[in-house]
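Have a go at each task yourself, then read through the solution step by step.

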Amino acid sequence: MRNGYFEDGNDTKNCVERIKNADICGGNGFLGNPARVINLGEIAACLSGSQREKFVSGFDMKGFAKIFEDESMMTTAETFLSCGLNVSLAARRLYMHRNTLIYRLNSLKRKTGLDLRDFDMAVTFEILHKMYLIK
């Protein structure tokens, strides 16, 4: 694994093909039904155990487990993600000052190495969370 992604891409390509043709897409595939959005939990569930292990092998899952089990941190992360990575909107929804939210996001970055303000890292965080919940 390099930078949190599969080096050869074959496992990922196979999973995407399975998702396109899966029943979770209504049989039409993801592209055939643009109104249907697949959530990351469905994608994580699509992966075999060995594929999930390969994906998470580059991460300290014990450290992530502490974050995933911390209700306050997960509320912060989930709200920030649901607000489209918008700090001001997430701070309003969490009823906190935006500097407090930025402090919490920086804390998450220190503990996990992932900056949720970066889209790719936010998606990686969400996938890791879904895989943690599957275990």
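**Exercise 1.** In this predicted model, find the handedness of the crossing of α3 and α8, then work out how the two helices lie to each other.

*Solution.* Start with the handedness: α3 crosses α8 in a left-handed way. Next, take the angle, which is about 135 degrees, with the axes 11 Å apart. Angles of 65 to 115 degrees count as roughly perpendicular and those over 145 as roughly antiparallel. The pair α3 and α8 is therefore oblique. Now look at who touches whom: R52, F55 and V56 of α3 meet T124, I127, L128, M131 and I134 of α8. Sorted by class, the residues of this contact are six nonpolar, one polar and one charged.

**Exercise 2.** Describe the packing of α5 with α8 by angle, handedness and residues in contact.

*Solution.* First, the axes of α5 and α8 come within 11 Å and cross at roughly 125 degrees. These two helices are therefore oblique to each other. Their crossing is left-handed. On the α5 side you will find M74, A77, E78 and L81, which meet A122, F125, E126 and H129 in α8. By class, that contact has five nonpolar, one polar and two charged residues.

**Exercise 3.** Which residues of α4 are buried, and which helices do they pack against?

*Solution.* Begin with the count: six of the eight residues of α4 (residues 61–68) are buried. They are M61, G63, F64, A65, I67 and F68. Then trace their partners: these buried residues pack against α3, α5, α7 and α8.

Methods. Residues are numbered from 1 along each chain as its sequence is written. This is a predicted model: local features need pLDDT of at least 70, side-chain atom pairs count only at pLDDT 80 or more; totals for chains, interfaces and linings use all residues. Side-chain values use heavy atoms; hydrogens and water are left out. Buried means under 20% relative accessible area, exposed over 50%, partly exposed in between (1.4 Å probe, protein chains only). Helices (H or I, at least four residues) and strands (E, at least two) are DSSP runs, numbered from the N terminus. Contact means heavy atoms within 4.5 Å. Axes are lines fitted to C-alpha atoms, for helices over the stretch in contact, and angles run from 0 to 180 degrees between N-to-C directions. Angles under 35 degrees count as roughly parallel, over 145 as roughly antiparallel, 65 to 115 as roughly perpendicular and the rest as oblique. A crossing is left-handed if the near helix is turned anticlockwise from the far one by less than a right angle, and right-handed if clockwise. Ala, Val, Leu, Ile, Met, Phe, Trp, Tyr, Cys and Pro count as nonpolar, Asp, Glu, Lys and Arg as charged, and the others, Gly among them, as polar.
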